[in-house]
Each structure stands twice: as C-alpha cells, then as structure tokens.
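I want to look up a few things here and jot down what turns up.

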Amino acid sequence: MSDRYGSYPPEEPVIGATYPAPPPLADDGYLDDESAEDDYDPATGEWDDGEYADEYEDDEDAYYEDYYEDTPTRQPMFYVFIGMAALIGGIVIFLLFSALNSGGSTAASKPPVDFKVLVNSPTDGTRIATGQTTNVAVQATSTEPITKFELFLDGQSVASQPVTTTPPNNTYSATLTLPPLTDRRNYKLFVRVTSSSGATKDSDPITIVGIESVGDRPVSIQGKVVATTNVRSGPGDNFDLLQTLDAGQTVTIIGKSSDTNWLLIDLNGEKWVKRSAINELDSLALVPVRDATPVPQPTATNTPPADTPTPNASPSPSASPTTDASTPDFLPAAATLVDGGSTLRVTIANNSNVAYNGPLEVAISGVTATQADQGFQVNLPAAGNVSVDFALSPAVSKDSSVTVKVDPGNAVKEQRKDNNSATFSVKAPVVVEQPALSLSVTQNGQNIAVVVNNSGGPLAAPVATITVTLTAIAGQPSTSITVAIAVPKGGSSQAFNVPRPGGPGGPATVEVNANGSLLASTTTNIT
C-alpha cells in the first residue's frame, strides 16, 4: 500500500517483503519482573502480563468512561417537548374531524318545524271585567306532533295544557283558563305551542283590556258632547228642560237608562242627556242602569169650569223600567270556528254578580243560510262565561261574520235586554292537508325497488326516520332499510333498494313505517 506520493509509510508492512525477527525483549518493567524471554510463552502464543498491565487496563477503562460521559445525552425536557407536540397534534386532528363531522351533520339536520298558531278567543281589544276568569280558545297546526299549549300574560306563563293525542286532521284545539285580571289596564296575551322535538312557536300577541266589574257600586266614565243638546230632569223629552250643553264640553257619565238611549250625568246634581249627543270615552258597560227619580209634571194648564166634573189626572209618563239586581245579564262575548269550520263555538258572558243555572236559547245567523236557534242547559257563574257549540253543515271554509243573539224570546228575566245581540268576524280555521301515500314495487335482481307516491298534502322531510320493511310470506326472513324521505303533493320519492329476503320466492308484503305508525303498504310477488 502506498500514499499519493508513491512512497510507503514506514510503519506499514509491505506485502511479500521479509523482515528480520524482532529482537528479544529486555526486562523493561512493562510486562513483569522476569527476563524478556519469559514474557512470551511459545506454547500458548500469549504474552505474559507485565507489572504495569493493571495500570494500563485501568487507564484504558477510565478513557472509555470519560468518552461516554462526554457524549451528549437527551435531557428530560426533550421528552416533554416531544409529548407536548404529540398532544397538540392530536388536538388539531380532533378539531378538524369535529369540524368536518359538524358540517356533515348540519347538511343533514332537520329543517325548522312549520307551525301555525291562532288565538280564536278572545279577540284583539276584548274587554274583560277584573276579578273573573276567561277561557282562551286556541288552534294550531304543526309538522311535528304538538305536546303542550302554554298561555302567557304580559310575558309571564299563567296556564298550560299538555297534549297527549294527535288529531286525525292535525289541527289541534285547546281551551286555556286565563286567571282573573287585577287591574284596569291593557294586557298583552299570546299562546305558545311546543312540539315533540322541543321546538316552540308563539301566536301573534293580542291586547285585552281589564275593566272594572259592574256591580252595585256606581262606576263613572267620561264623555264628550258632540252636538248642542238639552239637559233634562229625566230620561225623556217630556221631562223638564234644565239647561243646554255645547259641543266639546266634557261630562261625567254615572248611569244610563235601561234602553241606553239616555245617559245620567253629574252636572251639579244628577241630570239626563240623550246618548246620541255624547261620545263615551270608555265602555258604557262600566256604568249601571239607573232609575228616573224625578216624575215629570203634566203639561196641561187649562182650568175646567166649576160645574165640569174634574177628570182623572193625566197619567204621568212611566219611567224607564226598573232593573232587578237579583237577575243575571247575558251578552255574547265571542264566536270562533273550530273543528275545521264544522263547529261554531259561541261564548256567552254573564255581566252580573248573580249566577244563572238553567235553560238558555241562543240564535245565530250569517254563517249559515238560515238562522239557527238552539237551546242549551248552561251554568253561568257570576261575572263568568260559558261556551256553547253549533254544528255547521257544510263546514265554513272562508272568513265570515256571524250575529249571535242570546235569549231571543226574552224567556229569562235579566238586568237589561239591550246587550243580548252582537256580531263577530270569524276566520276560517287553518286546515292542513294530510299526505296520502301509496307504493310502487319492482324486483331488480337481488333488490326490491320501492317508490313512495303521494296524492295528498306534502310530506315534509324528515317528518321522522322512515323504515321500509320487506317481509316474505311462509316464514321467510325480512329485510329492511331506514331512510329519510320527502314527497311533495302529487310527487314521488326516489327508488329505495331493499335487499331481497333469502329463501325461495313467493308472496311478500312491503310496508312503510314511521314512528311506529304504518304510512303505506302493498303486496308483491318475489321471484
């Protein structure tokens, strides 16, 4: 072997060259104490250890120990860093997976529940006497089963009613009891419905007016004179003229005649004016019926001759009929269409502190071709109300008006008769057309293709998870798949492939079920 310059290194042996035997080793103290000849054993070919052998081995061990001690080692922080990196990487992967999974869930999530909620009674602006309970009639439809109705007054829940059954026409009706109002003021009222998934919908809010109940204590309201009018001592033109009032004047109304044609005002004493000349600034129902206290004098002043027999005195005009405080006072309070327009529900109020329990005749006109009279056995509490139903045929399908008259034959003695009739606008109920499903079935190799047809109202997606089950007759096993389905009115779904049941062919039944209810079924033959 040579280096790059062609010379041999002196310490490097040359292949093929001969070299003299090494001289015998002298006792140099590096092997042992004996002579050099004794340091080598020809029989074993080994050299005997010298006196410094142990020192040499110790030095050699120390050298390697120092070398490996100086070699860099991985400190604990290195492993902490590796662990932190792995943890952060895992979190990033989890977040990416969650985001992708969330996006997929959103795409397949259910659409919002479609609600329609309507408060039928009372209507907006209805006046309700304080201290009395009132029925609130509500109607609703939903693409999910409704589980609860809840009544709110000024944003506070005051009544609720659970729903346990689904009506065949999917039109829910409920009557909630409004607790007695406590103040004379305006209140905001609405009804909230809750579906099976927890979705909610509020009706449009309406305003009801709390008014003070009319009892034995007189209640006054304000009125404004709209035209110059005469003030008389009693409720009639034949009573004494006391003074006149000019248009624009404000008066305090403290009573009314039984026919409400005359008003009793507080004008330096109790005096009467024609109602047609006064614009009441509050409900006239708040003031009581008052008797005419003064009796008008005869207007004739001629004195008959002495020999002429004195005729009987001309009868005085009779005062307004005296009301009986111990009798009820009926008036129509509301009218609504329910049951898909096939029933008119009329609410009768008792505007008296006297309860009534007995027969009562009620007549309606407007929503039917002819007037309908019907007798009811009612239990009307004092300052309360009751509802009665009229069956309508055919059902009313559009907005209409109805006139309601209570006790048209005056069979029941009341405090007043001028408030027994009222006309109401009634809205046609919301009718939701139900789906009408049928199935088309064909065999496609080892699959059974099922198509859902709809000739009725739209089937929303998804109303629920729909399971398509194919069951072979003669004890063969069945197969099924679960799908989400939406079918518009007059449309058809895509074809769903259900694996063919095993075993020999024969008659089979195909069913579509949702939430435990059978939506459609048909029979076919499996080859």
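Before anything else, a cut-off I need: a residue counts as buried when its relative accessible area is under 20%, as exposed when that is over 50%, and as partly exposed in between. Also a reminder to myself that this is a predicted model.

**Entry 1**

I looked up Glu-150 first. Its relative accessibility is 15%, so it counts as buried. Glu-150 forms a salt bridge with Lys-148, and the closest N and O atoms are 3.8 Å apart. Is Lys-148 buried or partly exposed? At 32% relative accessibility, Lys-148 goes down as partly exposed.

**Entry 1: other salt bridges**

How many salt bridges are there by this rule? The count comes to 11. I checked Asp-183 with Arg-185, where the closest N and O atoms sit 3.7 Å apart. Asp-183 is partly exposed at 36%, and Arg-185 is partly exposed at 36% too. These two also belong to a network of salt bridges that links them with Asp-154.

Next I picked Lys-274, which forms a salt bridge with Asp-237 at 3.4 Å between the closest N and O atoms. Lys-274 is in strand 17 (residues 270-274) and Asp-237 is in the loop between strand 13 (229-232) and strand 14 (241-245), so this pair ties together parts that are 37 residues apart in sequence. Both ends are partly exposed: Lys-274 has a relative accessible area of 34%, and Asp-237 has 47%.

I then traced an open sheet of three strands, with the order 3-5-8 and antiparallel pairing. Strand 3 (115-121) and strand 8 (171-178) are at the edges with a single partner strand each, so one side of each has no neighbour in the sheet. From one strand to the next, the twist averages 25 degrees.

Strand 3 pairs with strand 5 (residues 134-142) over six bridges, in the antiparallel sense. Val-119 stands opposite Val-138 of strand 5.

Asn-120 is buried, with a relative accessible area of 10%.

**Entry 2: a nonpolar patch**

Last stop was the surface. I found a nonpolar patch of about 1,000 Å², with Met-77, Leu-87, Val-92 and Phe-94 among the residues that make it. I followed up on Val-92, which is found in helix 2 (residues 76-108). Val-92 counts as partly exposed, at 43% relative accessibility.

Technical notes:
Residues numbered from 1 in each chain as written. Predicted model: local features only at pLDDT ≥ 70, side-chain atom pairs only at ≥ 80, totals over all residues. Heavy atoms only, no water. Pairing = 2+ DSSP bridges. Helix = DSSP H or I, 4+ residues; strand = E, 2+ residues; numbered from the N terminus. Axes fitted to C-alpha atoms, helices over the stretch in contact; angles between N-to-C directions. Patch = residues over 30% accessible without salt bridge, like charges linked within 9 Å, V, L, I, M, F, W, Y side chains within 5 Å. Areas by Shrake-Rupley, 256 points an atom, 1.4 Å probe, with all protein chains shown as cover. Salt bridge = Lys/Arg side-chain N within 4 Å of Asp/Glu carboxyl O. Buried < 20%, exposed > 50% of the residue type's maximum accessible area, 1.4 Å probe, protein only.
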